[in-house]
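This briefing goes with a protein model and its sequence. Please look at both before reading the notes.

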Amino acid sequence: RMTRPLLVSDDTVLVDDILRFSAAANVEVHLATDVESARGLWSTAPLVLVGADLAARVAGLRVERRRDVVLVGRDIAEADWQRAVTIGAEHVASLPDSERWLITRLADSGESAPRSGTVLAVMSGGGGAGASTLAVALGAAAAAESKVLLVDLDPLAGGIDVIAGVEGVDGARWRDLIDTQGRLSPATLEASLPAWAGMSVLSWGREGPSRLGPEALASVLDAGERGFDYVILDIPRVLDEVTELALGRARHTIVVTSASVRGAAAAARLSSALRDRCAGLGIVIRNDRRGLRPAAIASVLDSSVLGELPYAVRMARRCEAGDGPLQADSYGRSVRELLRTLQGDGRARG
């Protein structure tokens, strides 16, 4: 295994910048000035930095998706973001703004303990599909045996803290972390957040900013992957740079759809938009026994069906009351089955 970060760039100014950053981080970088020489080191380097000057050529190689890939450059354009998605970059570092973050990220790459937490992203295929409820329930199921960080990325929704009933509990919210850049201690993050059902919950609260920057999210995700077994993200249906970052970090992306014609159509459209942006894309169908049959929905979706969720009146009332999803009913059993499917690398039906 290669122990040095890999820099893929032939831009002398950018290379000088990265070498200066690596010196500040006390890390030696392996430089590849052409994409062919980078191919053999792509999968083994602890961190891969791809210069914007060679990103298009790297994308043309169709390299395997892996963690810890960052696209770096100055004057980042929309085309650079698109190439970042193609190569599976988890972050786009625009210089000089991301200098401090990049130094920290280089320093982290030299740590002996790698990031090992699993990131799961949950999105709604349409309004009212129950994605936030599933994110909370999935976190609670995983927290029975693992350390879990539940993160709300939708500032304009009702809030996962309301579903879990911790909106009045003291602890940090996004307003306290919105300006975070660079390294964040996992222990400090865990200690600062409110908890429900054994998991740490990061939500928006009723006051504060309504927009999140990629630097703050990257810091939280880095800390989450270092300090937690699972990081579960409740993601809005907005494909901005924050969502792109979250999807790039997720091992599995779950789209929740209702068993209706509109729900299936919305899920199909969203799945099509996500297919080149994330790994492990799968559909979960909320079956209320009055809509389309799950098999009919699966037949029109070009994605794996990971499982079905029953519509449980008792569970809905508990969430409305702020008591969170119940783990002992049919909904809880379905969520635990879904978690086992994800732990088995997403083997699914359909």
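The model is predicted. Its protein chain has a mean pLDDT of 85, and 89% of the residues reach 70 or more.

**Confidence**
- Over residues 346–350, pLDDT stays under 50.
- For residues 346–350 the model has 12 contacts beyond four places in sequence.
- Where pLDDT is low, predicted coordinates should not be read in detail.

**D17 in helix 1**
- Helix 1 spans residues 12–25, and D17 is found in this helix.
- D17 counts as buried because its relative accessibility is 9%, under the 20% cut-off.
- Leaving aside neighbours within four places in sequence, D17 is in contact with R74 and L95.

**Helix 1 against helix 5**
- Helix 5 covers residues 99–109 and packs with helix 1 at an angle of about 55°.
- The axes of helix 1 and helix 5 are 8 Å apart.
- Helix 1 and helix 5 are therefore oblique to each other, and their crossing is right-handed.
- On the helix 1 side, I18, R20, F21, S22, A24 and A25 take part in the meeting of the two helices.

**Helix 11**
- Helix 11, residues 241–249, is mostly covered, with 7 of its 9 residues buried.
- Those buried in helix 11 are V242, T243, E244, L245, A246, L247 and R249.
- At the start of helix 11, a side-chain oxygen of D240 comes to within 3.3 Å of the backbone nitrogen of V242.

How values were computed
Residues numbered from 1 in each chain as written. Predicted model: local features only at pLDDT ≥ 70, side-chain atom pairs only at ≥ 80, totals over all residues. Heavy atoms only, no water. pLDDT = per-residue confidence, 0-100. Contact = heavy atoms within 4.5 Å. Helix = DSSP H or I, 4+ residues; strand = E, 2+ residues; numbered from the N terminus. Buried < 20%, exposed > 50% of the residue type's maximum accessible area, 1.4 Å probe, protein only. Polar contact = N/O pair within 3.5 Å; in protein donor to acceptor, adjacent residues only side chain to side chain. Axes fitted to C-alpha atoms, helices over the stretch in contact; angles between N-to-C directions. Parallel < 35°, antiparallel > 145°, perpendicular 65-115°, else oblique. Left-handed = near helix turned anticlockwise from the far one by under 90°.
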